[in-house]
Amino acid sequence: MKRKRQSEILSIIKEQTIENQEMLIKALAKRGYTVTQATVSRDINELHIEKNINEDGIGCYSQVSDKKNYDNIFQHSIVSVDYAMNIVCLKCRSGLANAACATFDILYPDHVVGTIAGDDTVFILVRSETEAKELCEKFRKMV
């Protein structure tokens with residue numbers, strides 16, 4: 001059911017100008033899917049859907065088409081990675097922490113409580129020290 005619904009979401013955003021989650025919920029309902037805002041929000045994250053400006057100047061949903069570009073932004077922004085308890089700290093090149101943080105939010109939303117970015121530092125709050133350690137190891141392999 002979830003895969004079919006998510007496939008339907010991708011079809012809808014390709015065919016229609018969907019400006020917000022409410023419009024998406026209504027479009028899904030017309031196709032026989034009754035969903036909550038929370039479900040649509042999770043689907044949007046899992047499908048890496050983002051809001052962009054279309055050719056008419058309208059902010060609408062579209063699928064991230066090139067995950068590799070996000071990986072490159074993330075990779076080239078980070079200088080070092082460390083963690084303390086359940087907080088991962090990414091040291092970034094000056095001025096690139098916000099880009100790294102936004103990219104992280106798109107690529108790695110699972111198990112994250114929240115993120116915050118300054119000029120050259122990103123803090124990622126996860127649920128456990130084990131998750132922080134695993135995330136650090138993953139990032140160290142990338143950098």
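Predicted model: local features only at pLDDT ≥ 70, side-chain atom pairs only at ≥ 80, totals over all residues.

Reader: Okay, and what kind of aromatic pair do phenylalanine 104 and phenylalanine 139 form?
Author: An edge-to-face one. Their centres are 5.8 Å apart, with 75 degrees between the planes.

Reader: Where do those two phenylalanines sit in the chain?
Author: Phenylalanine 104 belongs to helix 5 and phenylalanine 139 to helix 6, so to speak two distant parts of the chain, 35 residues apart.

Reader: Which residues have the most contacts inside the largest nonpolar core?
Author: Phe74, Val88, Leu90, Phe104, Val122, Ile124 and Phe139. That core has 21 residues. At least two of its residues come from each of these elements: strand 3 (78-84), strand 4 (87-92), helix 5 (97-107), strand 6 (121-126) and helix 6 (129-142).

Reader: Let me pick one. What does valine 122 touch?
Author: Setting aside residues up to four places away in sequence, valine 122 touches Val88, Cys89, Leu90, Cys92, Ala97, Ala100, Cys101, Ile116 and Ala117. There's also a second, separate core of 15 residues, and Ile12, Ile18, Ile49 and Tyr61 are among them.

Reader: Switching to the sheet: in what order do the 4 strands go?
Author: The order is 3-4-6-5, in an open sheet with antiparallel pairing. Strand 3 and strand 5 (112-117) are the edge strands, each pairing on one side only. From one strand to the next, the twist averages 15 degrees.

Reader: How many bridges join strand 3 to strand 4?
Author: There are 6 bridges, and the two strands run antiparallel. In that region, alanine 84 stands opposite isoleucine 87 of strand 4.

Reader: And which strands does helix 6 touch?
Author: Helix 6 packs on the sheet and touches strand 3, strand 4 and strand 6. Its direction makes about 165 degrees with that of strand 3. Helix 5 lies across strand 4, strand 5 and strand 6, and runs at about 160 degrees to strand 5.

Reader: What about strand 1 and strand 2, how do they pair?
Author: Strand 1 (residues 49-53) and strand 2 (residues 59-63) pair in the antiparallel sense, over 5 bridges. They make a hairpin with 5 residues between them, and glycine 57 in the turn has a positive phi of about 80 degrees.

Reader: I clicked on lysine 51. Which residue in strand 2 is its bridge partner?
Author: Tyrosine 61 is the bridge partner. The charged end of lysine 51 also sits over the ring of tyrosine 61, 5.6 Å from the ring's centre.

Reader: Why does lysine 51 count as partly exposed?
Author: Because its relative accessible area is 48%, and partly exposed covers the range between under 20% (buried) and over 50% (exposed). Leaving out neighbours within four places in sequence, lysine 51 is in contact with Glu19, Asn20, Gly59, Cys60 and Tyr61.

Reader: Last one: is glutamine 21 buried or exposed?
Author: Glutamine 21 counts as buried, because its relative accessibility is 19% and the cut-off for buried is under 20%. You'll find glutamine 21 in helix 2 (residues 21-30). Not counting residues up to four places away in sequence, glutamine 21 touches Gln37, Val40, Ser41, Ile44 and Tyr61.

Definitions and conventions:
Residues numbered from 1 in each chain as written. Heavy atoms only, no water. Core = buried A, V, L, I, M, F, W, Y, C linked by side-chain atoms within 4.5 Å. Buried < 20%, exposed > 50% of the residue type's maximum accessible area, 1.4 Å probe, protein only. Contact = heavy atoms within 4.5 Å. Phe/Tyr/Trp six-rings, centres within 6.5 Å; stacked < 30°, edge-to-face > 60°. Lys NZ or Arg CZ within 6 Å of the ring centre and 35° of its normal. Pairing = 2+ DSSP bridges. Axes fitted to C-alpha atoms, helices over the stretch in contact; angles between N-to-C directions.
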